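Here are a few notes to read alongside the model. Keep the 3D view open and find each residue as you go.

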Amino acid sequence: MRPVRWVATQYVKPNSILAQRVPDKRGRTLLARGVILTENLIRRLIELGVRAVCIEDSATEDIVVQEVVREDTKVRLFGMTYDTLHELAVTQFAPHVRAFQIRKMFTPVVEDVIDELRSTGAAADQLSTVYVQDGELFHHSVNVMFYAVTLGLKLGMSRQDLVDLGIGTLLHDVGKLRLDRKILQKPGRLTDEEFRIIQQHARIGYDILMKQGDISARSAVIALQHHERLDGTGYPDRLVGRDIHLFSQVAMVADVYEALTANRVYRRAFLPHDALAILENDTAQGKLPKRVMEAFMATVSLYPLGMSVRLSDGTLGVVVVPSAHNRQYPVVRVIEDADGRPVEPYEIDLANARDVHIATCEA
């Protein structure tokens, strides 16, 4: 248990003290807990794509949260995913991740994630705080895996199913690393030809994974099908309904939500409740699986404990009661007025204060 206040890096004030370490994209420690953040350090974190940091704050020192996934597990997972995706992108059979060894290598750490999520009830009240960076495929892959395994637990999947689901979602976007980075990072609208190139990553990724020998076909199929939609409007094969594997159906929901709530070169992140509205609309239209969406809404907290939010009246608050059951209406402790001045903290239950709502997430 630890005190928390998650703040978007762009809003961090100089001389703030880190309450939790900041990892790099491989999971290694970039800045340790207790470091005082200077203007130069904050600028560097923004340049590196670090989306949010956890800082000390006397107004929220009573807010504590149980780690959903242990730090040492995340370090292993980020490092292993980074190395594996990088190697697979370079060659079919990479020297450091030889064929017939990837599943063997990933299984222990995925099992640790399963056990840690299960021990916290897979309620995922804090699932949204496991990520720290935007725009990196490696972090996207790990975040999707956390969401997918949480959904798999809620759906009652077996341990073997969860391992295969976890490995498949960790590697689901490997095909993108074989594409032109200029297209992947293009800030503007893609041309039709560029979009056709992007669509190729699904089949490329599937082919890469199927050549690795020890990765199960149902793990590999996630790479192929995670952009399919139940109504046949997806790609690459325009599959319909039950033709799409359950693992892929879980992955498509996790993938869409994670992508919408992360910053991209071509747009800012959606507010969590706006992202949920998009998912709900797609479900109503028959694009996304209703059963998986029900599991998602029952487990994933849109506004987790410790998230900093700017309210519609301009005040700054911190979530003190997550929104798992009322979804977009957490209890928020206001700590600053609209002009950025500290105030005597007071709490608002947004479920009962409909004249005030969350305007932006500052974490």
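1. Let's start with Glu 71. This is a predicted model, and in it Glu 71 has a relative accessible area of 22%, so it counts as partly exposed. Its side chain meets that of Lys 74 in a salt bridge, at 3.0 Å from N to O. Is Lys 74 buried or exposed? Lys 74 is buried, since its relative accessible area is 5%, and the cut-off for buried is under 20%. Both residues sit in helix H2 (residues 71-90), three residues apart, which is about one turn of the helix.

2. Now for a pair from separate elements. Asp 161 and Arg 218 form a salt bridge through their side chains, at 2.8 Å from N to O. This one links distant parts of the chain: Asp 161 belongs to helix H5 (residues 159-170) and Arg 218 to helix H8 (residues 217-225), 57 residues apart. Arg 218 is partly exposed, because its relative accessibility is 26%.

3. Next, have a look at the strands. Arg 333 in strand E11 (residues 331-336) and Glu 347 in strand E12 (residues 342-349) are 14 residues apart, and this pair also links distant parts of the chain. Their side chains meet in a salt bridge at 3.0 Å, N to O. Arg 333 is buried, with 11% relative accessible area, whereas Glu 347 is partly exposed at 47%.

4. You'll find it in helix H3 (residues 102-119), and it counts as buried because its relative accessibility is 0%. Leaving aside neighbours within four places in sequence, Val 110 is in contact with Met 145, Leu 162, Val 163, Gly 166, Ile 167 and Leu 170. Val 110 and Asp 164 are 54 residues apart in sequence, but 9.0 Å apart in space, C-alpha to C-alpha.

5. The axes of H4 (residues 137-154) and H9 (residues 246-260) come within 9 Å and cross at roughly 130°. That angle makes H4 oblique to H9, and the crossing is right-handed. On the H4 side the contact includes His 140, Asn 143 and Tyr 147, and on the H9 side Val 250, Asp 255 and Glu 258 are among the residues they meet. By class, this contact has 10 nonpolar, two polar and two charged residues.

Methods:
Residues are numbered from 1 along each chain as its sequence is written. This is a predicted model: local features need pLDDT of at least 70, side-chain atom pairs count only at pLDDT 80 or more; totals for chains, interfaces and linings use all residues. Side-chain values use heavy atoms; hydrogens and water are left out. Axes are lines fitted to C-alpha atoms, for helices over the stretch in contact, and angles run from 0 to 180 degrees between N-to-C directions. Helices (H or I, at least four residues) and strands (E, at least two) are DSSP runs, numbered from the N terminus. Angles under 35 degrees count as roughly parallel, over 145 as roughly antiparallel, 65 to 115 as roughly perpendicular and the rest as oblique. A crossing is left-handed if the near helix is turned anticlockwise from the far one by less than a right angle, and right-handed if clockwise. Contact means heavy atoms within 4.5 Å. Ala, Val, Leu, Ile, Met, Phe, Trp, Tyr, Cys and Pro count as nonpolar, Asp, Glu, Lys and Arg as charged, and the others, Gly among them, as polar. Buried means under 20% relative accessible area, exposed over 50%, partly exposed in between (1.4 Å probe, protein chains only). A salt bridge is a side-chain nitrogen of Lys or Arg within 4 Å of a carboxyl oxygen of Asp or Glu.
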